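Please look over the sequence and the structure below before reading on.

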Amino acid sequence: MTKANNSQPTRLYVKGVHLGFKRGLRNQYNHTSLIKINGVDDKAAVDFYLGKKIAYITKSSKIGKDGSKFRVNWGKVCRAHGGNGVVKAKFARPLPPQSIGAPVRVMLYPSRV
């Protein structure tokens, strides 16, 4: 028999930051967000995260139907943005402007292995 490990539970996500939205010189496209993932610094490392789910979590003043004060906007990593490890992601509802610079969770599922 093995001894049970009494350490912290395993974290199933990687931290990231919402940098802003896809944009051109004059136009901004809110349906696509730019996310910087911690520890991803080149285009080759982005390949692992393609298709992974992203959660933007906010706190609300009212308790929801599920009994929680937290709200989650889910998105998905679509592709790389440049060669420096930034990714493009599409969310179910476009992220609000106050989320720029806010943390997001890049989940380590679904697995493509």
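## Basis of the model

This is a predicted model, in which local features need pLDDT of at least 70 and side-chain atom pairs count only at pLDDT 80 or more, while totals for chains, interfaces and linings use all residues. Residues are numbered from 1 along each chain as its sequence is written, and side-chain values use heavy atoms, with hydrogens and water left out.

## The barrel

Six strands close into a barrel with antiparallel pairing, in the order β1-β2-β5-β4-β3-β6; strands (E, at least two residues) are DSSP runs numbered from the N terminus, and two strands pair if DSSP finds at least two bridges between them. β4 and β5 are joined in the antiparallel sense by six bridges, and Lys-76 has Lys-90 in β5 as its bridge partner.

Beyond its neighbours within four places in sequence, Tyr-56 is in contact (heavy atoms within 4.5 Å) with residues including Arg-71, Phe-91, Leu-95 and Val-104.

## Pro-110

Pro-110 lies in the segment after β6 and is partly exposed, with a relative accessible area of 41%, where buried means under 20%, exposed over 50% and partly exposed in between (1.4 Å probe, protein chains only). Not counting residues up to four places away in sequence, Pro-110 touches Gly-51, Lys-52 and Lys-53.

Methods: Helices (H or I, at least four residues) and strands (E, at least two) are DSSP runs, numbered from the N terminus.
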